[in-house]
Amino acid sequence: MKKLGLVIFLASSFFGATASANPLDTFGFGSRGAAMGDAQAADAQDFSANYYNPAGLAGAHDFEIAIGYFRATHELETNGKSNNVDPVSGLVGGLVLPGKVFGIPVAFGLGLHVPDDRLSRVRDLPQTQPRWELYDNRNQRVYLAANIAIRPWKWLEIGGGLSFMASTTGTLDISGEANILAVNSSQVRHEVDASLGAIRYPQIGARVALSDRAALALVYRGQFSLDLSLTAQLLGEIATGTGQGQGLTTAYYALQSASIDAYLPQQVVFGGSFLPHDRLKVNVDFTWVNWSAYITPVANVDVTLDIPPPVGGWPNSIKPPTVPTKTAIVPLVMSDRIVPHVGVEWRAFDHGKFTGFLRAGYSFQKSPVGPQNGITNYVDRDRHTMAIGAGILIDKPVTVLPGDVRFDVHAQVDVLPTSITTKDNPADLVGDYSAGGYIWNLGATMVLGFK
Amino acid sequence: MRTRVLLTILATGCSTLAETAGGDSNLPSSDGGPFRKLQGAEAHGAPYVLDDQTSNYRQPSALPIDDTELALYVVAHDKTSDKDVIARSHALDGRTFFGATQDFGHKPPIVLADPAADLSHPSALRAPDGIRLYYTKNGAVGLARSQDGLVFTDGPAVFAGPVDSASVALLPDGTFRMLFGRAGAIFEATSADGTSFDAAPDPVLTAGTTFDALGVSDPYLYPRMTPANRLQFRVLYTGTMAGDDATVTTSILFAARYEDSGPFVRATTPAYAVGKNERAPTVLEWDSGTFLYVDQDQSAESTTYRAIACGVAPAAITLSPPSDFPDTP
């Protein structure tokens with residue numbers, strides 16, 4: 001019976017997932033954008049426009065391929081001790097294919113982020129367990145975006161497309177025979193069937209060139225929510241005696257879990273890009289994030305358990321299991337946020353073939369997570385993102401590349417100031433805690449342009 | 001060409017196996033459980049860490065020394081005097097105790113005894129003037145002092161009682177606080193110097209409705225300053241309830257309060273429940289977790305007796321292999 005209880009416990013805890021979403025929202029896309037605080041909606045016209053604003057693709061003049069790498073290391077702590085939140089790292093890349101249709105400039109683009117540690121990650125945590133809700137599990141997944149953009153007039157660019165995110169689904173089946181009096185000789189078979197799927201959500205954007213020195217942009221990124229419905233079934237024979245077929249009964253246990261495997265709130269970005277000086281570019285974005293629509297990442301579990309007593313009844317020493325009490329889910333309350341992003345780019349030198357850039361950026365997101373003074377522990381803190389970067393553009397570096405190549409690097413630090421969470425219930429098993437830390441994000445990108 | 005590039009990118013991403021997921025280390029905790037019992041190779045004789053049929057070890061009290069190193073004061077039955085005495089053991093890793101069953105040739109030495117009375121419920125603490133060992137005898141609370149934790153000098157009773165059990169803690173302001181069990185409830189007493197206690201008339205914890213429906217006893221008081229700089233009075237205690245077949249079962253429960261006085265608020269789930277008549281908790285809080293020590297039923301040759309068992313929290317923690325037995329008690 002212990003074995004059966006264990007199986008039921010495992011099955012109960014297997015399903016459900018922490019909400020997950022988009023690594024690019026957190027760490028940017030490409031080193032240029034990351035270095036400029038992700039203020040790119042009215043500026044990005046390279047492969048990174050696939051994320052920042054697909055309309056910008058229409059401004060590309062050359063076929064372009066980009067590849068890069070970044071690694072974001074979390075130094076997030078509670079009570080002054082590291083929680084060892086996994087780093088996020090992987091390849092970024094993309095391409096831009098510009099052309100003309102009926103004389104109108106059009107462009108097709110692809111953007112890609114592939115983690116080098118895992119393609120997707122699903123975790124199931126009790127709602128009482130502390131976790132860094134926006135960083136712990138959220139960014140561990142593949143991202144792919146496909147967009148198309150047009151420029152019907154010289155001052156207007158419009159683009160849109162779909163983004164694809166990896167998600168994981170699974171089922172668990174258990175069958176066999178459990179002998180209560182000889183649990184070690186029980187033969188229980190289990191089968192886990194997990195699959196990596198994809199979900200998609202739309203993104204559209206527009207960019208208006210006010211002049212050669214100023215542009216505005218508006219971008220919409222859709223929300224996605226993957227409802228994860230999983231079923232676990234256990235069907236097996238339970239023996240309550242040591243003799244052949246003695247005390248046999250058949251147990252049926254079914255578990256239906258409904259949860260949210262992946263959720264990304266919709267976003268609207270309003271941005272501007274300005275050239276106050278021939279060598280200086282200033283970008284400003286404001287991103288509205290619909291965090292209030294966030295769905296509580298806790299599994300809603302329904303359990304069916306049917307174990308008729310064996311012939312002769314249950315032995316006195318054995319108490320058959322009962323259906324676990326259903327967990328009362330406490331909603332996660334989050335608030336919408338407007339996130340400002342500011343970025344500057346200084347054209348530091350321009351020596352014929354070589355052009356150099358220095359970049360800096362800042363953004364601030366007030367934590368959208370509501371007070372955690374009850375039983376839940378969705379840990380989060382305000383986030384200040386400060387970034388610097390540099391780039392060099394080389395025109396026709398080699399004869400076989402009749403275009404240009406650009407190397408960009410970035411260093412970004414997110415500061416999450418430490419603050420205290422207090423608990424209303426003195427007997428709360430987690431208790432008061434401090435939380436805060438840093439996230440270090442380093443990366444480089446190479447962009448090849450073909451004329 | 002483009003296809004090859006994409007395939008190369010995807011292959012790079014897929015060609016490595018992920019490490020075990022992180023994010024669960026050093027999570028905040030009130031150190032009130034839930035505890036799981038030690039198992040397998042986590043301790044010699046797990047979950048029992050101090051086990052002797054003759055000595056019948058009970059009512060442990062942990063005195064921290066350094067991280068996982070501690071001294072453990074326990075009640076033992078002294079066969080020679082036929083009295084319950086207080087003995088001391090010692091572990092470097094919180095689990096491998098001097099004089100355990102597997103530690104041949106060693107036995108926890110007696111540090112306090114009274115040839116005319118049984119001693120019970122030791123409560124050890126480190127004070128500015130040395131190590132204090134509170135205990136109960138004939139329903140009163142006594143106090144013995146020591147500088148090394150091995151040789152104690154007994155003194156006059158500090159509280160006349162009557163008490164069934166008692167636990168004393170030193171508060172950050174230098175005063176002493178005692179919780180004591182009496183007739184199925186837990187009461188509180190205060191003292192400026194720990195040598196004379198004044199008890200409040202009303203209990204701070206009484207029988208509840210579930211796991212302690214028949215009564216509460218064996219308090220272990222372990223206050224702390226929370227990260228929010230609030231003084232939190234925490235108590236682990238024995239809760240008694242009626243079992244399914246009219247038997248009485250016990251479990252270890254957790255309660256706490258922020259106020260300086262008044263009733264405690266109990267946690268909704270047991271801190272430790274293994275169905276072995278577990279009683280008399282004490283804990284050792286160390287850098288990465290918390291050890292819980294209780295006395296619970298152990299069986300040998302059809303005889304049931306009491307032995308010291310150990311639990312640990314958080315439940316998912318991976319403990320290093322047990323250390324060698326210490327050379328000294």
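The legends below describe close-up views of a predicted model.

Residues are numbered from 1 along each chain as its sequence is written, while chains are lettered from A and ligands numbered from 1 in the order in which they are written. Local features need pLDDT of at least 70 and side-chain atom pairs count only at pLDDT 80 or more, whereas totals for chains, interfaces and linings use all residues; side-chain values use heavy atoms, with hydrogens and water left out.

Figure 1. The predictor assigns the complex an ipTM of 0.89 and a pTM of 0.86.

**Figure 2. Overall make-up of chain A.** Four helices and 20 strands form the secondary structure of chain A, where helices (H or I, at least four residues) and strands (E, at least two) are DSSP runs numbered from the N terminus. Of the 451 residues in chain A, 53% are buried; buried means under 20% relative accessible area, exposed over 50% and partly exposed in between, with a 1.4 Å probe and protein chains only. Among the contacts in chain A with a separation of 6 or more, 71% come from residues 24 or more positions apart.

Figure 3. Over all chains the structure holds 18 aromatic pairs, for which rings of Phe, Tyr and Trp (its six-membered ring) must have their centres within 6.5 Å, with planes under 30 degrees apart counted as stacked, over 60 as edge-to-face and the rest as tilted. The pair of Tyr51(A) and Tyr52(A) is edge-to-face, because the ring centres are 5.0 Å apart and the planes stand at 65°. Both Tyr51(A) and Tyr52(A) are buried, and they belong to one aromatic cluster together with Phe29(A), Phe47(A) and Tyr143(A).

**Figure 4. Arginine side chains over aromatic rings in chain B.** A charge sits over a ring if NZ of Lys or CZ of Arg is within 6 Å of the ring centre and within 35 degrees of the ring normal. Arg230(B) places its charged end over the ring of Tyr258(B), at 3.7 Å from the centre, and Arg182(B) lies over the face of Phe187(B), 5.2 Å from the ring centre.

Figure 5. On a 1 Å grid over the protein atoms alone, a cavity is a set of points where a 1.4 Å probe fits but cannot get out, and a pocket is an open set with protein on both sides within 12 Å along at least five of seven lines, lining residues having an atom within 4 Å of a point. Grid points are joined across faces, edges and corners, and a volume is the space filled by probe spheres set on the points. Four cavities of 30 Å³ or more are counted, and the largest cavity holds about 380 Å³ of space. Its lining has 28 residues, of which Asp25(A), Thr26(A), His341(A), Gln365(A) and Arg383(A) are the closest to the centre. Elements of chain A that give two or more residues to this lining include helix H2 (23-27), helix H4 (49-52) and strand E18 (383-395).

**Figure 6. The second largest pocket.** This pocket contains about 1200 Å³ of space and is lined by 40 residues, with Asp43(A), Gln45(A), Gly59(A), His61(A) and Lys281(A) nearest its centre. Among the elements of chain A that each supply at least two lining residues are strand E8 (187-211), strand E9 (214-221), strand E19 (403-421) and strand E20 (433-450).

**Figure 7. Backbone details in chain B.** Most residues other than glycine have a negative phi, and most peptide bonds are trans. The bond from Ala46(B) to Pro47(B) is cis, with omega near 5°, and Pro47(B) is in the loop between strand E1 (36-37) and strand E2 (48-50). Ala313(B) and Pro314(B) are also joined by a cis peptide bond, with omega about 0°. Asp67(B) has a positive phi near 50° and is partly exposed, with a relative accessible area of 41%. Asn138(B) likewise has a positive phi near 50°, and counts as exposed at 69% relative accessibility.

Note on methods: Contact means heavy atoms within 4.5 Å.
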